[in-house]
Amino acid sequence: MNDSFVSTRLIITADDFGRSSAINQAVAMAVSRGVLTSASLMVVGNAFDEAVRIATKELPNIHTGLHLTLTELTPLLGRQEVPRLVNKKGAFFSSPAKTGIFLQLSKKMQNQMNKEIAAQFERYEDTHLKFFHVNTHHHIHLHPVVFAAMLRYVLFYKVRAVRIPYEPWYITGSICTKHQLRNLFYRTVFYLLCLNMKQQLKGKNIKFCQGVFGLYATGEVTEQWLLKFLDRIKLYAGIYELYLHPTCDKRQRGYQELQALLSTRVRDRIEEFGVELVSHNDI
């Protein structure tokens with residue numbers, strides 16, 4: 001460790017844990033052989049039971065939390081209970097925009113959303129895994145109404161930390177050169193929405209990181225990108241989170257993210273720079 005570097009602590013999280021067996025196996029590999037420290041569990045995932053077994057029996061030191069899901073997959077509650085949250089096939093809509101929540105959130109829709117959120121929190125609690133953090137699929141909790149609804153259960157279950165998906169442009173902007181218009185939108189809109197989230201957390205004993213990375217390079221993290229990221233983050237004291245979507249499926253973009261997490265070059269760079277790998281419990 002080089003003492004000239006500032007004190008930087010980093011949480012490395014895998015989202016979508018429980019979505020598929022390929023993702024579950026990637027999480028297991030990245031914890032036992034790589035630099036992954038945390039995983040966000042999809043309780044509506046097709047491989048939920050396998051994920052719980054892996055976290056309980058194979059990875060006793062992993063720090064898990066809830067990856068609240070209101071898009072893409074299938075809700076815990078049936079179509080008859082949450083008809084305004086699902087399409088004709090009974091699945092969540094594929095993106096936050098298609099749910100219609102950014103246009104309107106009727107009282108009926110809010111009530112159905114609250115019921116589904118409650119069901120997902122309860123299912124996570126039933127796993128008996130420790131409840132280290134909460135975040136959402138597609139960052140849908142950026143919506144103020146969704147965040148307020150989620151926050152009630154965060155407080156009820158005494159969850160320690162939530163993800164505020166603010167990615168400091170001054171840290172990663174120079175290494176995220178693709179999708180410039182999209183990232184400009186993220187940089188502006190996410191910043192404003194994150195200010196509202198932080199405001200709602202004032203006076204509550206709920207923690208969040210100083211910055212969260214993975215937004216500007218979603219699905220595009222490679223070993224080389226991660227090495228550049230470490231070269232940047234070592235300059236900034238504080239506690240940060242990097243989230244990825246690793247998978248063992250070679251056909252998916254998350255496979256290169258798994259390789260980055262398993263890279264010995266990445267591990268050596270972390271040690272060289274004195275970056276401390278931690279969990280949400282350390283915030």
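Predicted model: local features only at pLDDT ≥ 70, side-chain atom pairs only at ≥ 80, totals over all residues.

Reader: Start with β1. How many of its residues are buried?
Author: Nine of the 10 residues of β1 are buried, so the strand is mostly covered. Buried means under 20% relative accessible area, exposed means over 50%, and partly exposed is in between (1.4 Å probe, protein chains only). Helices (H or I, at least four residues) and strands (E, at least two) are DSSP runs, numbered from the N terminus.

Reader: Which strands does β1 pair with?
Author: β1 pairs with β7 in the parallel sense over seven bridges, and with β8, also parallel, over two bridges. Three bridges join β1 to β2, again in parallel. Two strands pair if DSSP finds at least two bridges between them.

Reader: Which residues face each other there?
Author: I12 stands opposite L242 in β7, R9 has E276 in β8 as its bridge partner, and A14 has A39 in β2. From β1 the chain crosses through α1 to β2, and this β-α-β crossover is right-handed. Right-handed here means that, with the strands pointing away from the viewer, the path from the first strand over the helix to the second runs clockwise.

Reader: And what comes with β2 and β3?
Author: β2 (residues 38-41) and β3 run parallel and are joined by four bridges, with G65 in β3 as the bridge partner of S40. β2, helix α2 (residues 48-58) and β3 make a right-handed β-α-β unit.

Reader: Is β3 enclosed or open?
Author: Enclosed, largely: five of the six residues of β3 (residues 63-68) are buried, so the rest of the structure largely encloses it. β3 also runs parallel to β4, with three bridges between them, and L68 stands opposite T136 in β4.

Reader: Moving to helices. Which residues of α10 are buried?
Author: In α10 (residues 264-273), V266, I270 and F273 are the buried ones. They lie on the same side of α10 because they cover an arc of only 80° around the axis, where the arc is that of the directions from the helix axis to the C-beta atoms. An α-helix has 3.6 residues a turn, so residues three or four places apart point the same way.

Reader: What about the other side, and what covers the buried one?
Author: T264 and E271 are exposed on the other side of α10. The cover over its buried residues includes α8 (223-233), α9 (254-262) and β8 (276-277); contact means heavy atoms within 4.5 Å.

Reader: Which residue caps α10, and what comes just after it?
Author: S263 caps the N-terminal end, with a side-chain oxygen 3.1 Å from the backbone nitrogen of R265. A polar contact is a pair of N or O atoms within 3.5 Å; within protein, one must be able to donate a hydrogen and the other to accept it, and residues adjacent in sequence count only if both atoms are side-chain atoms. Just after α10, G274 takes a positive phi of about 75°.

Reader: Which residues other than glycine have a positive phi?
Author: Among them are H128, with phi near 70°, and H138, with phi near 65°. Most residues other than glycine have a negative phi. H128 is in the loop between α4 (107-126) and β4 (133-136) and is exposed at 73% relative accessibility. H138 lies in the loop between β4 and α5 (144-156) and is partly exposed at 34%.

Reader: H139, then: buried or exposed?
Author: H139 is buried, at 9% relative accessibility. Leaving out residues up to four places away in sequence, H139 touches R163, P165, F190, L215 and Y243.

Conventions: Residues numbered from 1 in each chain as written. Heavy atoms only, no water.
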